[in-house]
Amino acid sequence: MDLGPYGDFEADCPARIAVDLFSNSWLTVIVYTLRDGPMRPGELRATIGHISQKMLTQTLRRMERMALVERRRYAEAPPRVEYSLTDAGRDLLVPIFALGAWADRHGDAVRTAMLGEIDEA
């Protein structure tokens, strides 16, 4: 397999960027939650559950810097903000759905194997 100019996951390799995206568990959850359209931060937090306001805000800001979400601020009183996926964010749904399908097929076996390791320790 030709690795092109990047070698084995050099720092600027696009594949490494993709792997780094999936290492942040909240990022993929937020992308999946925004799949049907824009949401306000409070809606996101309620839908996701078990995410602190601080973590949600940090992750949304990071995603905005990465051009995965777009923040839209409305000039209303009280102020209203919505987040939506950009094209790049929507394209992440493809590997997220593929990973979900893999988990459906193999998750139980992996979980059982991991529990066996814990019992042996």
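This briefing describes charged contacts, surface patches and backbone geometry in one protein structure. The model is predicted. A UniProt annotation from an unreviewed entry, "domain: HTH hxlR-type", covers residues 13-111. That span is 65% helix and 12% strand, and its end C-alpha atoms lie 31 Å apart. Across the whole structure, a search finds four salt bridges.

**Salt-bridge network**

- Glu 76, Arg 80 and Glu 82 are joined in a network of salt bridges.
- In the contact between Arg 80 and Glu 76, the closest N and O atoms are 3.2 Å apart.
- The side chain of Arg 80 also meets that of Glu 82 in a salt bridge, with an N to O distance of 3.2 Å.
- Arg 80 is buried, because its relative accessible area of 19% falls under the 20% cut-off.
- Glu 82 is likewise buried, with a relative accessible area of 16%.
- Glu 76, by contrast, counts as partly exposed at 38% relative accessibility.
- As a general point, side chains of opposite charge can pair when their charged atoms come close.

- Arg 90 forms a salt bridge with Asp 87, and the closest N and O atoms are 2.5 Å apart.
- Both residues belong to helix 5 (residues 87-91), where they are three residues apart, about one turn of the helix.
- Asp 87 is exposed, since its relative accessible area of 55% is over the 50% cut-off.
- Arg 90 counts as partly exposed, at 40% relative accessibility.

**Surface patches**

- Arg 61, Arg 65, Arg 71 and Arg 73 gather on the surface in a patch of positive charge.
- Helix 4 (53-65) and strand 1 (69-74) each supply at least two residues of this positive patch.
- Arg 61 is located in helix 4 and is exposed, with a relative accessible area of 52%.
- A nonpolar surface patch of about 380 Å² is made by Leu 99, Trp 102, Val 110 and Met 114.
- Met 114, one of the residues in the nonpolar patch, is found in helix 6 (residues 93-120).

**Backbone geometry**

- Most residues other than glycine have a negative phi, and most peptide bonds are trans.
- His 50 has a phi near 55 degrees, a positive value in a residue other than glycine.
- The position of His 50 is in the loop between helix 3 (41-48) and helix 4.
- His 50 is exposed, with a relative accessible area of 83%.
- Ala 67 has a positive phi of about 65 degrees, although this residue is not a glycine.
- Ala 67 lies in the loop between helix 4 and strand 1.
- With a relative accessible area of 43%, Ala 67 is partly exposed.
- The peptide bond from Ala 77 to Pro 78 is cis, with omega near -5 degrees.
- Pro 78 sits in the loop between strand 1 and strand 2 (80-85).

**A contact between sequence-separated positions**

- The C-alpha atoms of Ala 67 and Asp 87 are separated by 8.8 Å, while the two residues are 20 residues apart along the chain.

Terms used
Residues are numbered from 1 along each chain as its sequence is written. This is a predicted model: local features need pLDDT of at least 70, side-chain atom pairs count only at pLDDT 80 or more; totals for chains, interfaces and linings use all residues. Side-chain values use heavy atoms; hydrogens and water are left out. Patches are made of residues with over 30% relative accessible area and no salt bridge: like charges are joined within 9 Å, nonpolar side chains (Val, Leu, Ile, Met, Phe, Trp, Tyr) within 5 Å. Accessible areas come from the Shrake-Rupley method with a 1.4 Å probe; for residues, only the protein chains shown count as cover. Lys and Arg count as positive and Asp and Glu as negative; His and the chain ends are not counted. The place of a charge is taken as NZ of Lys, CZ of Arg, CG of Asp or CD of Glu. Helices (H or I, at least four residues) and strands (E, at least two) are DSSP runs, numbered from the N terminus. Buried means under 20% relative accessible area, exposed over 50%, partly exposed in between (1.4 Å probe, protein chains only). UniProt positions are given in the numbering used here, feature names are shortened, and annotations may be inferred rather than shown by experiment.
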